[in-house]
Amino acid sequence: MDSLETEIKLLIIQIFDLEGLAPADIDSGAPLFGAGLGLDSIDALELGLALKQRYGISITHQTPQVREIFASVSDLAGFIRRSRPSE
């Protein structure tokens, strides 16, 4: 399992208090909203703040392709990788 995706899954479990779920229980390609984890727009704001604190990235409603970025854990991980400064 991708370590960044695992970190994101742990963050989601922590901030939404999803007791009983483990990172392996969350499908990296599954939708985060609606039929997937069932997150809503308020959850997106909370997740965006947590991602900003952890990875120093900013995702707002004005971010181009915000829906695609928040589509799944895999999509979030890809955005974080592209947004990090080169090492």
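Which residues does serine 72 touch, not counting residues up to four places away in sequence? Serine 72 touches Ser28, Gly29, Ala30 and Leu32; contact means heavy atoms within 4.5 Å.

## Basis

This is a predicted model: local features need pLDDT of at least 70, side-chain atom pairs count only at pLDDT 80 or more, and totals for chains, interfaces and linings use all residues. Residues are numbered from 1 along each chain as its sequence is written, and side-chain values use heavy atoms, without hydrogens and water.

## Two serines

Serine 72 sits in the loop between α3 and α4. Helices are DSSP runs (H or I, at least four residues), numbered from the N terminus. Serine 72 has a relative accessible area of 3%, so it is buried (under 20%; exposed is over 50%, partly exposed in between; 1.4 Å probe, protein chains only).

Serine 3 belongs to helix α1, residues 3-15. Serine 3 counts as exposed because its relative accessibility is 54%. Its C-alpha atom is 9.5 Å from that of alanine 77, 74 residues away along the chain.

## Helix α4 and its partners

Helix α4 spans residues 73-83; Val73, Leu76, Ala77, Gly78, Phe79 and Ile80 are buried there. These buried residues pack against α1, α2 (41-55) and α3 (66-69).

The axes of α1 and α4 lie 9 Å apart, at an angle of about 115 degrees. Axes are lines fitted to C-alpha atoms, for helices over the stretch in contact; angles run from 0 to 180 degrees between N-to-C directions. From α1, Leu4, Glu5, Ile8, Lys9 and Ile12 make the contact; from α4, Val73, Ser74, Leu76, Ala77, Ile80 and Arg81 do.
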